[in-house]
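This report describes one chain, going from single residues to the fold as a whole. Please keep the sequence and the 3D view open while reading.

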Amino acid sequence: MKPKIIFPALFFPLLVASGTNLYSQHARTATLTEAEIEQVREAAILPNERVKLYTKFLDDRAERIKSLTGRPRSAQRVLKLDDMLQDFTALMDESGSNLDQYSDRHSDIRKALKALTDATPRWLNILRVLPGESGFDLARKEAIESGEELADQATRLLHEQNDYFAIHKDEKDQERNDDQVKDPVKDQAKPDPPKKTDR
């Protein structure tokens, strides 16, 4: 009787561990280099610049994926492509989240959206011509889905912004730096300097 009790006890942690591993794959965040992190940090309060940066990062990664397309098949290539495709998907999802925030604030990001809508078909083409292999086929499918969602979102948002700013012309080119943190010391009213008295 004891082995029957021990077996589930040993099996359950393995089940939990594998479930955690599957969850972590879906909850993956984009991997940025130190230089990219610094650029994002500098553009944190400038929506247009931030969207342009994410478009540039995605462009770089799409080109890296493209460069591996014609290489001979190998286990190392499969692992590399799987990792790069997952990272590409995470970065597209993160970019989409940024667009949601800027859309809610009515930040004028039409210039950056134009570049993004021009780039997404190119990325999708790279993903679609990449021959599927069992080692990275799921990551490729997820990347294509995220790319299609981002393309639709960017196109829809560009139309919405064109309509919005046609009516609200006074808000045109505003980036709405809602994230800018004011310096409480600097923003405090300065006391008037003491008046000089003649002696």
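## The loop residue His106

His106 is partly exposed, with a relative accessible area of 32%. Buried here stands for under 20% relative accessible area, exposed for over 50%, and partly exposed for what lies in between (1.4 Å probe, protein chains only). His106 sits in the loop between H4 and H5. Its phi is positive, at about 60°, although His106 is not a glycine. Most residues other than glycine have a negative phi.

This is a predicted model, in which local features need pLDDT of at least 70 and side-chain atom pairs count only at pLDDT 80 or more, while totals for chains, interfaces and linings use all residues. Residues are numbered from 1 along each chain as its sequence is written, and side-chain values use heavy atoms, with hydrogens and water left out.

## The chain as a whole

The chain has seven helices and zero strands, and its pattern along the sequence is α-α-α-α-α-α-α. Helices (H or I, at least four residues) and strands (E, at least two) are DSSP runs, numbered from the N terminus.

Of the 199 residues in the chain, 35% count as buried. The accessible surface comes to about 13,400 Å², and carbon and sulfur atoms make up 56% of this surface. These areas come from the Shrake-Rupley method with a 1.4 Å probe; for residues, only the protein chains shown count as cover. Among contacts (heavy atoms within 4.5 Å) in the chain with a separation of 6 or more, 78% join residues 24 or more positions apart.

## The nonpolar core

A nonpolar core is a set of buried Ala, Val, Leu, Ile, Met, Phe, Trp, Tyr and Cys residues joined through side-chain atoms within 4.5 Å. The largest one has 41 residues, and those with the most contacts inside it include Leu99, Leu113, Phe88 and Trp123. H3, H4, H5 and H6 each supply at least two residues of this core, and H4 gives the most, with 10 residues.

The structure also holds three aromatic pairs. Rings of Phe, Tyr and Trp (its six-membered ring) pair if their centres lie within 6.5 Å; planes under 30 degrees apart count as stacked, over 60 as edge-to-face and the rest as tilted. The ring centres of Phe88 and Trp123 are 6.1 Å apart and the planes stand at 80°, so this pair is edge-to-face. Phe88 lies in helix H4 (residues 75–105) and Trp123 in helix H5 (residues 110–129), so the pair ties together parts that are 35 residues apart in sequence.

## Buried residues and their contacts

| Residue | Relative accessible area |
|---|---|
| Phe88 | 0% |
| Trp123 | 2% |
| Ala43 | 5% |
| Gln153 | 12% |

Ala43 is in the loop between helix H2 (34–42) and helix H3 (47–69). Not counting residues up to four places away in sequence, Ala43 touches Glu49, Arg50 and Leu53. Ala43 and Leu53 are 10 residues apart in sequence, with a C-alpha to C-alpha distance of 8.4 Å.

Gln153 belongs to helix H6 (residues 137–167). With neighbours within four places in sequence left aside, Gln153 is in contact with Gly96, Leu99 and Asp100.
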